[in-house]
Structures are given as structure tokens and as C-alpha cells.
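Me: I have a model open on screen. Can you show me how to read it, feature by feature?

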Amino acid sequence: KAVNLPWVATVSDGTGFPVKVAGSSTTKPVSFTATVAFGTQSITCTYTSTAVNGHASNTGNKITFSGQKFTVKAGGNAFCPSSATFSATFGPVKDTSVTGSPKVFVN
């Protein structure tokens, strides 16, 4: 589950169309909470990162993040691994503020 929303996203027209998603402040970093159930017991782990970096593509109008490292939040459960990685592809990215929700292109 994503926490500390909303996050701040920027996309550049630089080489590789870099995308950066950052927390809204230093006290609200990009964070995910994962809960694992073991029978009747459950463990919740929260992982944070100051930012995750990816790239946009006009092929499929997508944004891809690969191997982004998160660390367990201080004071977390002792059973939580100390770090985790995040990889995902989102798309097609659309501009829902425009009638017809056209796909987003970078240039």
C-alpha cells in the first residue's frame, strides 16, 4: 500500500526522458507498507525512499521504474528485511484532465 500521498512527480525531456517521484516533504517520503500474514499472525513493514527514478517512453506511453531501493522505516518490526527493491511499468499514461483522456507523449 502506498503511503504519504500525494507524491511529487517530474518528467524531463532530457536523454532517456527521466522521471523522478519524490515525497511531498522530508517528513513525508515515498513510502510503501507491506503486510504479510502467517496463519493468524501478521507482520507489517514500512519501507521508504527519498525518491524513485525511472524513465518515460513514447512506445506504449509508459513509465518504467527498475530496481529502486527502499529501506525499512526506523522503528519497524524486527522481522522485516532491512531493504526492498521496487520495479514496475505503468501505462499507457493518459491526461485525464483533457476530454477524451489522450495518451501522454514526451519530446
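**Reading the model**

Reply: Begin with the surface. The accessible surface of the chain comes to about 7,100 Å², and carbon and sulfur atoms hold 56% of it. Keep in mind that this is a predicted model.

Me: How many helices and strands are there in the chain?

Reply: The chain has 0 helices and 8 strands. From the N terminus the order is β-β-β-β-β-β-β-β. The radius of gyration is 16 Å, well over the 13 Å that the globule rule gives for 107 residues, so the chain is more spread out than a compact globule. Its C-alpha atoms fill a box of roughly 45 × 25 × 20 Å along the principal axes.

Me: What share of the residues counts as buried?

Reply: Of the 107 residues, 24% are buried. As for contacts with a separation of 6 or more, 47% are between residues 24 or more positions apart.

Me: How should I read a core, and which residues have the most contacts inside the largest one?

Reply: The general idea: in soluble globular proteins, nonpolar side chains tend to be buried together. Here the largest nonpolar core has 15 residues, and Val-19, Val-21, Phe-65 and Phe-70 have the most contacts inside it. At least two core residues come from each of β3 (18-22), β5 (41-49), β6 (51-57), β7 (62-72) and β8 (83-90). Take Val-19. Beyond its neighbours within four places in sequence, Val-19 touches residues including Val-11, Val-52, His-55, Ile-63 and Phe-65.

Me: Which residues lie nearest the centre of the largest pocket?

Reply: Trp-7, Val-21, Val-52, Phe-65 and Phe-90 do, out of 14 lining residues. Two or more lining residues come from each of β2 (8-11), β3, β4 (30-38), β7 and β8. The space in this pocket is about 220 Å³.

Me: Where is Asn-61 found, and is it buried or exposed?

Reply: Asn-61 is in the loop between β6 and β7. Asn-61 is buried, at 6% relative accessible area. Its phi is positive, near 50°. Asn-4 also has a positive phi, about 65°. Asn-4 lies in the loop between β1 and β2 and is partly exposed, at 26% relative accessibility.

Note on methods: Residues are numbered from 1 along each chain as its sequence is written. This is a predicted model: local features need pLDDT of at least 70, side-chain atom pairs count only at pLDDT 80 or more; totals for chains, interfaces and linings use all residues. Side-chain values use heavy atoms; hydrogens and water are left out. Helices (H or I, at least four residues) and strands (E, at least two) are DSSP runs, numbered from the N terminus. The radius of gyration is taken over C-alpha atoms; the globule rule is 2.2 Å times the number of residues to the power 0.38. Buried means under 20% relative accessible area, exposed over 50%, partly exposed in between (1.4 Å probe, protein chains only). Contact means heavy atoms within 4.5 Å. Accessible areas come from the Shrake-Rupley method with a 1.4 Å probe; for residues, only the protein chains shown count as cover. A nonpolar core is a set of buried Ala, Val, Leu, Ile, Met, Phe, Trp, Tyr and Cys residues joined through side-chain atoms within 4.5 Å. On a 1 Å grid over the protein atoms alone, a cavity is a set of points where a 1.4 Å probe fits but cannot get out, and a pocket is an open set with protein on both sides within 12 Å along at least five of seven lines; lining residues have an atom within 4 Å of a point. Grid points are joined across faces, edges and corners, and a volume is the space filled by probe spheres set on the points.
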